[in-house]
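Biologist: I am new to this structure. Please show it to me, and then let me ask about it piece by piece.

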Amino acid sequence: MVAPSKAPEIIAVGIAFLVINTLSIGTRTYSQIITKKFNFNDVGMILVLGIFAVLVALLILGAQSGIGQHTVAVLQSGVKNVSDSLKWVFFLEFFYVFLTTVMKASIATTFLQWATTKTQKWVLWGSIVVDFAIGAVVSVYTILQCTPIEYSWRRLDPTAKGMCRDPNEIIKVGYALCIVTVTLDMLFLAMPFIMLKYYKPNQRVKMYIYGIVGIGVLASVANFIRIAALAKLGTYQDALFDAADVFLWSFLEVSLGITVAGILELSPLMQRLGVKGFENVEGSFKEIDDDTHRLVVISRPKAFDV
């Protein structure tokens, strides 16, 4: 039996994730403003939310034009409809890469604020460099995979002229992006536990940290499933229909990452609201590296006076 169109599912998931991410980043922004800690990293996360909104809009347009529907059915309605669908796929790929790059850089920047050793700082700065490097490579490849660029979505149009690289190459580039993304996810999941070696939080703060890590694990699982969806897409048996799963799992991965980025900065708000267990969280990570503190004599006994 032929499965129905996934277009309604795509639209519903996109809108739901947009609402969740707006609440997450909105709460983070409110927390940073009222605690007077709003900085460029928060501007970056607002930018991420804006890009995500654009991604949702593109996904809805793509779903209306053919993404999530069976390729044969779209072809029967005309080549132009297929070209429109492929155009939205092209822009979705580009904005997805840009979004994940900025989002992971923001999470790494947040961890940098809590880093307690030079090694941790170098590892986090290295992750940012790798993140932007793979993002730039994939973005450039996505744009230049066909000449002229518009041939990327008009390749099935007999009136269009151009040439493209082997379609399997973009799938391999997608695998490379997934591998780097999973590696960075594992690093970011490990970071809180590494930092906890120096800082002994109370039970409530531990649950807060473990909750963040749990959401991060779900994002990594979504990325693994996305790899499997990419493998299926690589068979090109039903490209527009199979692309729906790739974008659905991509949205889940990105949305959970944005949620993590929002929750990471809520501790100052909890402290300001007097939430039990968060009274001494602020600045704890900055004070735990004993090697950075100088020994200062505050007073001396009178017996040493001459």
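Biologist: Is Val 74 buried or exposed?
Modeller: Keep in mind that this is a predicted model. Val 74 sits in helix α3, which covers residues 71-76. Its relative accessibility is 2%, and the cut-off for burial is under 20%. So Val 74 counts as buried.

Biologist: What distance separates the C-alpha atoms of Val 74 and Ser 85?
Modeller: Val 74 belongs to helix α3. Ser 85 is eleven residues away from Val 74 along the chain. The distance between their C-alpha atoms is 9.0 Å.

Biologist: In what order do the helices and strands of the chain run?
Modeller: The chain has ten helices and two strands. Read from the N terminus, the order is α-α-α-α-α-β-α-β-α-α-α-α.

Biologist: What share of the residues in the chain is buried?
Modeller: The accessible surface of the chain is about 16,100 Å², and carbon and sulfur atoms hold 68% of that surface. The chain has 306 residues, and the buried share of them is 49%.

Biologist: What share of the contacts in the chain joins residues 24 or more positions apart?
Modeller: Take the contacts with a separation of 6 or more. Among these, the share from residues 24 or more positions apart is 78%.

Biologist: How does the reach of helix α1 compare with the expected value?
Modeller: Helix α1 spans residues 7-34, which is 28 residues. At 1.5 Å a residue, 40 Å is expected. From first C-alpha to last, α1 is close to that, at 41 Å.

Biologist: Which residues of α1 are buried?
Modeller: A helix has 3.6 residues a turn, so residues three or four places apart point the same way. The buried residues of α1 are Ala 7, Ile 10, Gly 14, Phe 17, Asn 21, Ser 24, Ile 25, Arg 28, Thr 29, Ser 31 and Gln 32.

Biologist: Which residue just after α1 takes a positive phi?
Modeller: Helix α1 covers residues 7-34. Just after it, a phi of about 60° is taken by Lys 36.

Biologist: Which element gives the largest share of the lining of the largest cavity?
Modeller: There are three cavities of 30 Å³ or more, and the largest has a volume of about 200 Å³. Its lining has 17 residues, with Ile 107, Phe 188, Leu 189, Gly 216 and Val 260 nearest the centre. Two or more lining residues come from each of α4 (79-114), α7 (167-195), α8 (203-233) and α9 (239-264). The largest share, five residues, comes from α8.

Biologist: Which residues does Ser 127 touch, leaving out those up to four places away in sequence?
Modeller: Ser 127 is in helix α5 (residues 118-144). It is buried, at 5% relative accessibility. The residues it touches are Ala 108, Leu 184, Leu 187 and Phe 188.

Biologist: How many residues of α9 are buried?
Modeller: Helix α9 reaches 37 Å, close to the expected 38 Å. It is largely enclosed by the rest of the structure, because the buried residues number 22 of the 26.

Notes
Residues numbered from 1 in each chain as written. Predicted model: local features only at pLDDT ≥ 70, side-chain atom pairs only at ≥ 80, totals over all residues. Heavy atoms only, no water. Helix = DSSP H or I, 4+ residues; strand = E, 2+ residues; numbered from the N terminus. Buried < 20%, exposed > 50% of the residue type's maximum accessible area, 1.4 Å probe, protein only. Contact = heavy atoms within 4.5 Å. Areas by Shrake-Rupley, 256 points an atom, 1.4 Å probe, with all protein chains shown as cover. Expected span 1.5 Å × (residues − 1). 1 Å grid on protein atoms, 1.4 Å probe; cavity = no way out; pocket = protein on both sides within 12 Å on 5 of 7 lines; lining within 4 Å. Points joined across faces, edges and corners; volume = space filled by probe spheres on them.
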